[in-house]
Amino acid sequence: MAGERLRGRGELENTVLRILWESDEALRVREIQERFPEKQPAITTLLTVLERLRLKGSVLREADGPKGNRFTASTSESGYAADAMLSALTGVGDRSAALVHFAGDLDDDDVELLRSALDAKARRSRRQT
């Protein structure tokens, strides 16, 4: 049916980013298209998505002479996730409530990992003062 979504909102951007994260080198748009796990989007669609991601600061574009452009993710997957979490915290009215809710949804392994990271940060802060 015309106008019907084939993918969920943001799913195409996430797939493009995942493809870039999994690559050891910058990719041309056709290479990105070939690595799609399901129905491949049109080149023009991918170019639009890549430009949107570039404007958001998530993708870097480098000229490759007459061969066109190559694209790479501007940060790692974990860096992207951390930026998204910090951005969400910045935009929320009650930051404390959001943090408490987030922490309450973590499993025991995640809590321990977060506790270790916070302890290490506190030790670094004490050394700097």
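## A salt-bridge network

Arg28, Glu31, Asp64 and Arg70 are joined in a network of salt bridges, a salt bridge being a side-chain nitrogen of Lys or Arg within 4 Å of a carboxyl oxygen of Asp or Glu. This is a predicted model, in which local features need pLDDT of at least 70 and side-chain atom pairs count only at pLDDT 80 or more, while totals for chains, interfaces and linings use all residues. Residues are numbered from 1 along each chain as its sequence is written, and side-chain values use heavy atoms, with hydrogens and water left out.

Helices (H or I, at least four residues) and strands (E, at least two) are DSSP runs, numbered from the N terminus. Asp64 is partly exposed at a relative accessible area of 23%, whereas Arg28, at 19%, counts as buried; here buried means under 20% relative accessible area, exposed over 50%, and partly exposed in between (1.4 Å probe, protein chains only).

A salt bridge also joins Glu31 and Arg70, with an N to O distance of 3.9 Å. Glu31 lies in helix H2 and Arg70 in strand E2, so that distant parts of the chain, 39 residues apart, are linked by the pair. Glu31 is partly exposed at 21% relative accessibility, while Arg70 is buried at 16%.

## Charges and a pair within helix H3

The structure holds 8 salt bridges. One of them is formed by Glu51 and Arg54, whose closest N and O atoms are 2.7 Å apart. These two residues are 3 residues apart in helix H3 (residues 43-56), a separation of about one helical turn. Glu51 is partly exposed, with a relative accessibility of 28%, and Arg54 is likewise partly exposed at 28%.

Over the protein there are 21 positive and 22 negative side chains, and the centres of the two sets lie 6 Å apart. In this count Lys and Arg are positive and Asp and Glu negative, with His and the chain ends not counted; the place of a charge is taken as NZ of Lys, CZ of Arg, CG of Asp or CD of Glu.

Leu50 is found in helix H3 and is buried, with a relative accessible area of 0%. Apart from its neighbours within four places in sequence, Leu50 is in contact (heavy atoms within 4.5 Å) with Val16, Leu20, Val29, Ile32, Val59 and Phe71. The C-alpha atoms of Leu50 and Ala73, which are 23 residues apart along the chain, are separated by 10.0 Å.

## Overall fold and surface

The protein has 6 helices and 2 strands, running α-α-α-β-β-α-α-α from the N terminus on. Its radius of gyration is 19 Å, well over the 14 Å that the globule rule gives for 129 residues, so the protein is more spread out than a compact globule; the radius is taken over C-alpha atoms, and the rule is 2.2 Å times the number of residues to the power 0.38. Along its principal axes, the C-alpha trace spans about 55 × 40 × 25 Å.

Buried residues account for 23% of the 129 residues. Of the contacts between residues at least 6 apart in sequence, 44% join residues at least 24 apart. The protein exposes about 9500 Å², of which carbon and sulfur atoms supply 51%.

Conventions: Accessible areas come from the Shrake-Rupley method with a 1.4 Å probe; for residues, only the protein chains shown count as cover.
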